[in-house]
Amino acid sequence: MAKDGVMTIENLIEKASKYLSADDIAFIQRAYEFAKQAHKDQYRKSGEAYIIHPVQVAGILVELKMDPVTIASGFLHDVVEDTEVTLEDLEEEFSKEVAMLVDGVTKLGKIKYKSKEAQQAENHRKMFVAMAKDIRVILIKLADRLHNMRTLKHLPPEKQRIKANETLEIFAPLAHRLGISTIKWELEDTALRYLNPQQYYRIVQLMKQKRNERETNIEEVIEEVTKQLEDVNIKAELSGRPKHLYSIYRKMSEQNKQFNEIYDLLAVRVIVDSIKDCYAVLGIIHTCWKPMPGRFKDYIAMPKPNLYQSLHTTVIGPKGDPLEVQIRTKEMHEIAEYGIAAHWAYKEGKQIQTGKKSFEEKLTWFREILEWQTETHDAEEFIESLKIDLFSDMVYVFTPKGDVIELPSGSVPLDFAYRIHTEIGNQTIGAKVNGKMEPLDYELKNGDIVEVMTSKHSYGPSQDWLKITQTSQAKNKIRQFFKKQRREENISKGKELVDKEIRALGIEPKDVMTEENLKRVYERFNFVNAEDMYAAVGYQGITAALIATRLTDKIRQTRQKEQDLAQTIEEVNNDAKEKKAHKKDSGVKVEGVDNLLVRLSKCCSPVPGDEIVGYITKGRGVSVHREDCPNIQTEEAKQRHLHVEWEKHQTQKQYHVDLEISGYDRRGLLNEVLQAVNETKTNITHVNGRSDRNKMAVIQITILIHNTDHLRKIVERIKQIKDIYSVTRTVQ
């Protein structure tokens, strides 16, 4: 997938014209013009016109050879979220299908959540549910995320890490599950660049050092294989396969290997016309060079769940180095590169068939997403279950008849039983693995043959099974069993738990248990009635705290407003008493005005030497901000700006400044930072540090300084420390 340069609308139309009709081209051009008009006054963080982003997203979809509706939706994917355009407008102007796809990738913007994490989880949940209805939703979202990752350099370091981490946790695994390797590899490599820049550039450098040697070896292999294939009249395309940085990094970190211990840095790909030729080429390769034991994989006879097919073998190459060879047909290669997008590729409306089943029948996990949606009411729990069931490493086991069952790594025989059928899971009394009796919490391994033992006289699941099972599917089936068996008991238990949580919030249950309020909450969580909601609390399908929070949100908001009003009145009265002292201590004067309460804003902590602006607050005098403070940049805020300036004769007053220091997490880094600050004879009032799994350290310190010159000396001293990447002044 092309990464260099920016695709223009002309480039995009030219590429699309190679496989779309004139009517289709007119349709996507109309979508482009509509998006361009909607985003006309908007700009990205980079300063570029916003329309560049939708064009790149649509361009990625064209490279995947998607249908015109998907490409049009790529142009329009942000108009509902970022402009005044509504879904009804899109439906009227284009089609119901376009509106549905755009809605699937549109974030939930107007609902307030208890945290950013909860809102993000709800956004992901919405996207996955839409994806289960139409797979093209996620293809648009992957194209959107891919372009955002390509332009990540324009965001602050903290946001870069958040986006990169989310990409590695959600979007790259999803691209892998869909088989779209071209997108998956680029997402992973780009994320690594921002999460662990030191390792990223180290691997890049190591790859460059041995590039000439590798290319010479590859050319020698290709020349030899080409000669052998010509002798048996097999037509083939041979090429060197580039090794991706993230896969090297992952092998080095997970297997504790050095760069020179990675086997498949040398790799050749052979593309032939038929499956028969694939196995013929394999025989020729093994004749030329000695195969390494245990390194042959036949994904043609046994395709991966994402439909990937290929033969993989590793041999000892001509120079004595391990050499990986991948052999596949042209159609297999298209599916390996574009995955499920290859099936959606626009081919006169005909869907490609894979064997006897269509790709939708093979990717059954999409249907499971809808099933979990109806049973899991907490969005964050829903996303966690996805990470476990869909995005974790997988283990492949066999039924006694030889059918392959795919389960998340760490699964046990109970997960296997519930994957086969709900009743088999409920009636399980034991399990044989490879002909030997094993406990129900035995961790399954690749290649295990699992036989589940059942009994019609079984009493059903045990509560302990919820702790033993690993998959969300099995846990949900077990909860369903208890839900049906103990409904009355669960209703009573659930109501008691909800009442207890409401009282813990300082509210009497009778004040919120009105019929109207209950209906609002149980419909919010997709329950038919209040009894179903209480039963779900009883069998732990949803937490009592969540229900109580929703039931009391209105009364708590009313009380909070009353408290805020009382607090504001008190603060204004206190401020009036301290007006003179504050004015004198601030070191700032307001032009043409005297006896006015002036205070330095805590959000951006201005210090002498900063360009500043006054902001007229309601009842609290003038708040002084740095000119670049984002909290006063709205049009409404600018109407309340006031000219202020620093007093010419400053005293030796000290000002608080917050700094964020990021660098490679090594022993003694924090001590060196603190020592460097102390050397400048600067007081430190607060220190906080953390590091992530990628060895990225973030140190936040608050210091007392006199002016910007003083601050500049401190920052320059910190930057001299080894392994420090950046020092930034933060705004709260």
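Predicted model: local features only at pLDDT ≥ 70, side-chain atom pairs only at ≥ 80, totals over all residues.

Guide: Residues are numbered from 1 along each chain as its sequence is written, and side-chain values use heavy atoms, with hydrogens and water left out.

Visitor: Where is Asn526 placed?
Guide: Asn526 sits in the loop between helix H27 (515–524) and helix H28 (530–538). Helices here are DSSP runs of H or I with at least four residues, strands are runs of E with at least two, and both are numbered from the N terminus.

Visitor: Why is Asn526 called exposed?
Guide: Exposed means over 50% relative accessible area, buried means under 20%, and partly exposed lies in between (1.4 Å probe, protein chains only). Asn526 has 54% relative accessibility, so it counts as exposed. Its phi is also positive, near 65°, in a residue other than glycine.

Visitor: What makes Asn233 exposed?
Guide: Its relative accessible area is 71%, so Asn233 is exposed. Asn233 lies in the loop between helix H13 (211–231) and strand S1 (236–240), and has a positive phi of about 60° although it is not a glycine.

Visitor: How do you know that S14 and strand S16 pair?
Guide: Two strands pair if DSSP finds at least two bridges between them. S14 and strand S16 (residues 622–626) have three bridges, in the parallel sense. In S16, Val624 is the bridge partner of Leu600.
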